[in-house]
Amino acid sequence: MEDITNLAIETGLNAGASFVDIRLEYTRKTNLDVVNEVTRNTILATEKGAGIRAFVDGSWAFGYTSDVTKQGIQKAAESIAKMAITASKWAEERYEIEAPSFQDRIEYKAKTPIDETPVDYKIEQAKQLSKDMSQMDTRVKSARIIYRDVYTELYVANSLGTMVKEETGQIVFIPMCTVKDEKSTQQAHLALGLTGGLGDMSDDLMLMLVEEPSRVALSLLDSKAVKGGVYDVIADPALNGAMIHEAFGHACEGDSLTGGSSVLQEKMGTSVGPEHINLFDDPTMKGHVASFVYDWEGTRTKRKQLVKDGVLSEFMHSLDTASRLEMKANGAARAMTFMYPPIPRMSNTFMEPGDWNLEELIEDTKEGIIMCNVNYGYTDSTKGSFMFKSVHGQLIENGERTDIVRDASIAGQILDILPKIDAICNDFFYDAGSCGTQGQMAWVMSGGPHIRLRQVPVGGV
Amino acid sequence: MKQELIELGTHVINHAEKLGATQVEAYLESTRTIEVKIEKGLIRLAAEKLDAGCGVRVALGNQLGVSYVTSALEKDLDQSVQDAISAARASVADPDFKSFVSTQSSYPTVKGLFDKELDQIDCEQAVEMMTRAVQASKDVSGKERNLIEGGFTAESKTRVVVNSQGISGLSSETKSELEVYSAIGTGDDQCSSWDDLNSRNLAAINPETIGAKSARNALALRGAQSMDSGDMPLILTPRALWAVLGTGFVNALNARQIQDGKSYLVDSLGSQIAGSELEIFDNGILPGALGSRPFDAEGYPSQRTSLIDSGILQNYLHDSYSSAKDGVSSTGSAKRSSYRATPTIGASNLVVTPGTSTLDEMISEVNQGVLCTFTFDRPNFVTGELSAMIMEGFLILKGEVQHALKNTLFGITMQDLLKKTIQVGSDVENRAQVITPSISVESAKITSG
């Protein structure tokens, strides 16, 4: 492989680029979709090819090819370097890519490696989960298990001397449960993932895959649509995690800052929330679905503390955003596949727990709403606004849980929301999700404790 | 490349049959994409992407398997066929699977799907388009700081579907998109918005119009405030309806979701589900439109399908699987975002028949209400409940547009939204496969804080 990566780099440099990098990828994917023990789409896929970038005077060019012969690589590298030269004619902000280089090999080890396990075994496992979910209650009409695994061998090399090979294996389970009674149909889902092999998920979490979606869906049968209004909100770990991800994490991605329009632009080192708030993005935690050792640019990754005691303290960078903002690259660049250029992304993002007990917090809240889990959410880091939709929730009246509600959505401004957090619980949970930015999907984890937000607009029907 | 793709498809069929497949489908694409991205008004990335690959579906009796590979080399396709067979062998037989598509009809000729200029565009031309758009945005914002982001993409694609039931379709299509985000001003005074245009031909993309409009949209949002909550009339413009109808209505018509009971339109065929003002079609043969194509993702001929006529639901959207299960004809609604994705069901072009009122006339009839010009949100498809953040919108008082809105949501069920559509505008816009005018909804719940 090194002869191929060297060829790409030399060709690009000779054509006039000042920085060149290449990602050579070989990926095998399995996607299963099992509904009531019947397989729907069973997909086995191969993604392989090379993505090449060239940099000239503040401008980038990118291209990819699935032809990884010497001839194919040479042709692609030359054409990409020429494009970078063309683009650089319009560049005004001139800088160079400066970063340390890394040489390493990270092997994929697992007791039951996903790339060596036949699809039959994976289907049997998904069927069993589907069967267990069906048997939870007679009102379960659809017990659906989405299973995805990805085995990747990635070589990253660049003209600064980086040459990293990293093998990874990711598994994600998304169980979805639809229940029906004479009054209504309701559904709920969960997403849990890991890096590792089959059988690496704990028994507790495997049980949760079956029980949690059916428990939530059944509870929604007696739910009401929430009435829109301004509420004190207790967000559960999944919603809290999503809120941190959407409302704050995206604004901390290096490229939302280089664009110059992030609401966090001038806020580094300043207070963005109460002192009890600490937010992290940490790809180095072992075994999570968004854990990795080197990022997609071959930079060794590290734990990043986005907010320390309420003060904005760190951003997530690629080589480009770090070089441009004269900060240190911290290994946050990810690319969906070789077909996309790497960009700064979140990984495992979470809020550190505090000291409130959840039941005491509910009692203390008196009137409000507990909002749980996330249907979806989005953010506009230029406007500073975000919105996300919960799956289910419960009203709090006189300090006690009362009616179950569904589909409540919460909206606000990024810089307004952290100051509204006045209580952080001592519990913690993490779940998996897929995040889409600039057309690239990435598996992420997000989580935290239960928190309380004072007086936020909640949308209802 | 074109004839070669058909030959590769035929090779896949033969190879799979040799390995024991009873039915096979090969979907191949060869795509060239030129892309330019800007940031702070400057060129940040230029890209040329050459993508060729194949998606394979095989049946062993009633067992189905799928695979894809990002390559159009024969040895890689052979491996992919082997993968699809392994996947089918491990799968549970699906009694509802009857057959991949076959048809007696020939494919319609749809004009305006391929533009030579777009097919041959180079990086330098793309950069030039983008810089013109940037200048137009700056001309509107004048001396104020204006951080412009956006991009231009030009794609030329050849699609081939071949199957063991006699389908053999080839279509070459181009498309391009230019989008511009303008963030104008600083600090609390910063406002931002966007505009974009999609087209199958280069001549239709006017960078100046898009750049200027994005800046004007942004400036209109300056001084956003919240408002009093309550039930009131809601006007949705084409930009807002792109998500509300394009996703919120179309996904509910997906026959597979209907069969699974996961749609608010279950058991609604032939019922009055909308105001009599509403007439909606799915039109896959509209000349030059972005969602038009001679055949769908399974090779079924494209057609025009009535969805709502005089407020009555006429059809669900079907592919071969769902239509066989219901014993009806396919509506040619199989969709595939690429060979890397499996077919799903979706609209080709969603077309809302315009009415006679202008947007200004519709606004003038509202005493107190909301004009929503952009939202991303989609409903709960089972219940139809929609609670949508007004990403861009305005308060209407006494028939006139007042200030822009912040932290404001509207809530309504899709069932009510369709039934309470009391006016359909004449201001048709064609936005990426949703072709609609503005609509006026009698009442929605507005929450603001």
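A crossing of two helices is called left-handed if the near helix is turned anticlockwise from the far one by less than a right angle, and right-handed if clockwise. In this predicted model, local features need pLDDT of at least 70 and side-chain atom pairs count only at pLDDT 80 or more, while totals for chains, interfaces and linings use all residues. Residues are numbered from 1 along each chain as its sequence is written, and chains are lettered from A and ligands numbered from 1 in the order in which they are written.

By that convention, H4(B) and H5(B) cross in the right-handed sense; helices (H or I, at least four residues) and strands (E, at least two) are DSSP runs, numbered from the N terminus. Helix H4 (residues 123-141) of chain B packs on helix H5 (residues 207-220) of chain B at an angle of about 40 degrees, the axes being 7 Å apart (lines fitted to C-alpha atoms over the stretch in contact, with angles from 0 to 180 degrees between N-to-C directions).

Between the chains, strand S4 (residues 59-65) of chain A pairs with strand S2 (residues 42-60) of chain B in the parallel sense over five bridges, where pairing requires at least two DSSP bridges. Trp60(A) stands opposite Leu45(B) in S2(B).

An automatic or database domain assignment divides chain A into domain 1 (2-220) and domain 2 (224-459), and their centres, taken over C-alpha atoms, are separated by 22 Å.
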